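User: I am new to this structure. Please take me through it in short questions and answers.

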Amino acid sequence: MRHSVCMRRFFFFAGALFFVLSSFGGEDTYEGVRWYRGIVRVNTDVSSGTRTIEEVAGLAQETGLDFVVFSDQLLVRCEYGIPPFRRVFKIHSSRPSVLSHGVGEYLSRISLLRDAYPGMVFIPGADIAPHYYWHGVPFSGDFESRRFSQQLTVFGPAEPCFYEGIPVIHNEAVSFSIGEFLKFLPLLLTVWGLFLLKFGGGEPYRDLQGNSFSFRPVLGRRIFGCLLAALGVVWTLDNRPFSIGSPFGQYADHGSAPYQHVIDHVRIQEPDAAVFWSAPEAEMRIVVEGVQMHSLPYLDDVARSRGHNGFAGIYGDAYTAHQPGGLWDKMLLEYCSGERSERPVVIGELDYHGHDRGIDVIQTVVQTDDFSVAGIVAAIRHGRSYALSKPGAGVLNIHEAVLVLGDRRASLGETLLVAGDASEGGMVLRIRGEIESCEESLPPADLTVVGNGEGVYFKRFHEAGFALEIPLLLDSCEIRKGYVRFWIDCGNVGRVMSNPIFYAPEPFGANAAPERSGQTKQVCQLPHRRGLASKMASRACPRATHRQAAMDSVETGSPRM
């Protein structure tokens, strides 16, 4: 009996010890929330890729990925028409796409992957090019199509009608509204032309001798009647009755309006869908069937548009929008001030087409307790994620990234509530991870921390397993909503780019004492973006020397940043 009691105690304490150790040792667990690795923007042979949907799923499983966001091109079509009836007399070219493949078949093939790969999540989506326009004169050296590859990536919804109704150029839907019947008005010209052909000879008459005569249409009047009849038919065909599509034609540059039109449509039809700008700083110039196709970087359109969830932060081209004070910070500050409703976050955009390219070289790593299509999409939309690039065999892993204030903490995409009297102690940004590399010598890693649009901390470290704590000093004058984000560069091992962790004043009456009448609230005259600073001076790297004076002044208590 005593032996059995001892054995039960042994297994009890052994299980408890295993639980405690596992809670501290695994990179994938943090308070019941796991990290999941996935790839965003994958093209298959449905559109411009070389592998089938099923082949991509198998390859992703072999690589150890947890989720895949498929985003084949929704519609790839180019038209140029001869005025004035450009939708009748035209030349056009198209390529395979989701619409030509069949939206229902495309979504069904993705849905069937759940049974074949039960441990993975497969998310349907589409690459959308809302607009392009012609620039120059045909048969001249400057004639080209512009904005053709300026795209949005939309994913999450699984209903065919959603994708079929997206108002991109050349994607038309059937409509029986009153306005569609007005498109038949040019047929009145056809009726007039037929009338001239039928009755253009005039009324018959009889002379005094009783002979009957009738006027035959002259040649000119007959030609005029034929032209009117043909004009009415062609004009009606050019109006395309019972058919509606994008209101933005391809013969003028409409700026960001066609893209905002698509974003608004998605927000109305599927509020929980994810909408991201694709590769905003990439420039493309190719020749397709003898036609020049040219797309310029479009950061301005990203900044002007509203309602989207952000943009690709890491992708296969050069990118600078993440730099302190750049596009991303401007959008984040707009979000913090209430000027922007949707939180702007970044993703790692693979843009996979096959061609023997690695399927895991650019990833989006999300943190969620809901491993489903809805859970992954929600985590990406709200920024509970970071973007990762791994050009070689090594990889840079983040196990924990939290902003801590006392017993409160917030992870990526979350908001840390700060009490009005908590500014004296400051916050701590805690980053824990490891660098896996096959090289004999580990390359140095450079950490950059950005707070409210300004670089506030830099550190170079060489540890394979790192646990960094960066104290951050809040303004004691007034606490407003702000954010902290970071990225880590590790040479040929790769890069990690985090989404921001926000902080905000605690709601009135939660734990803070209410203001009494007659008291004056102290307000600092510093701009909002200067509400955060690092208390620690940066060392060991000349790149951080320009920040040294600011950080030293923080340690002496001067309000900075």
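This is a predicted model: local features need pLDDT of at least 70, side-chain atom pairs count only at pLDDT 80 or more; totals for chains, interfaces and linings use all residues.

**Buried sites, helices and backbone**

User: Which is Asn 452, buried or exposed?
Analyst: The relative accessibility of Asn 452 is 0%. Buried means under 20% relative accessible area, exposed over 50%, and partly exposed in between (1.4 Å probe, protein chains only). Asn 452 therefore counts as buried.

User: Where is Asn 452, and what is its phi?
Analyst: Asn 452 sits in the loop between β27 (445-451) and β28 (454-461). Helices (H or I, at least four residues) and strands (E, at least two) are DSSP runs, numbered from the N terminus. Most residues other than glycine have a negative phi. Asn 452 has a positive value, near 50°.

User: Which loop holds His 170, and what is its phi?
Analyst: The loop between α5 (160-164) and β12 (173-174) contains His 170. This residue is not a glycine, although its phi is positive, at about 75°.

User: What is the omega of the peptide bond from Pro 83 to Pro 84?
Analyst: Pro 84 belongs to the loop between β5 (76-81) and β6 (90-95). Most peptide bonds are trans. The bond from Pro 83 to Pro 84 is cis, with omega near 10°.

User: How many residues of helix α11 are buried?
Analyst: Helix α11 covers residues 327-337 and is largely enclosed by the rest of the structure. Its buried residues include Leu 327, Trp 328, Asp 329 and Met 331. Just after α11, Gly 338 takes a positive phi of about 90°. The count of buried residues in α11 is eight of the eleven.

User: Which are α2 and α4 to each other, roughly parallel or roughly antiparallel?
Analyst: Helix α2 (residues 53-63) and helix α4 (residues 103-116) pack at an angle of about 30°, where axes are lines fitted to C-alpha atoms, for helices over the stretch in contact, and angles run from 0 to 180 degrees between N-to-C directions. Angles under 35 degrees count as roughly parallel, over 145 as roughly antiparallel, 65 to 115 as roughly perpendicular and the rest as oblique. The two helices are therefore roughly parallel.

User: Which residues of α4 meet α2?
Analyst: Contact means heavy atoms within 4.5 Å. From α2, Ile 53, Glu 54 and Ala 57 take part. Their partners in α4 are Tyr 106, Arg 109, Ile 110 and Leu 113.

User: What distance separates the C-alpha atoms of Leu 412 and Ala 379?
Analyst: Leu 412 is in the loop between β24 (408-411) and β25 (415-418) and is buried at 1% relative accessibility. Among the residues it touches are Trp 35, Phe 486 and Ile 501. Ala 379 is 33 residues away along the chain, and the C-alpha separation is 9.8 Å.

User: Which side chain joins that of Gln 367 in a polar contact?
Analyst: Gln 367 lies in strand β21 (residues 362-368) and is buried, at a relative accessible area of 5%. A polar contact is a pair of N or O atoms within 3.5 Å; within protein, one must be able to donate a hydrogen and the other to accept it, and residues adjacent in sequence count only if both atoms are side-chain atoms. At 2.8 Å, the partner of Gln 367 is Ser 411.

Methods:
Residues are numbered from 1 along each chain as its sequence is written. Side-chain values use heavy atoms; hydrogens and water are left out. Lists of a residue's contacts leave out its neighbours within four places in sequence.
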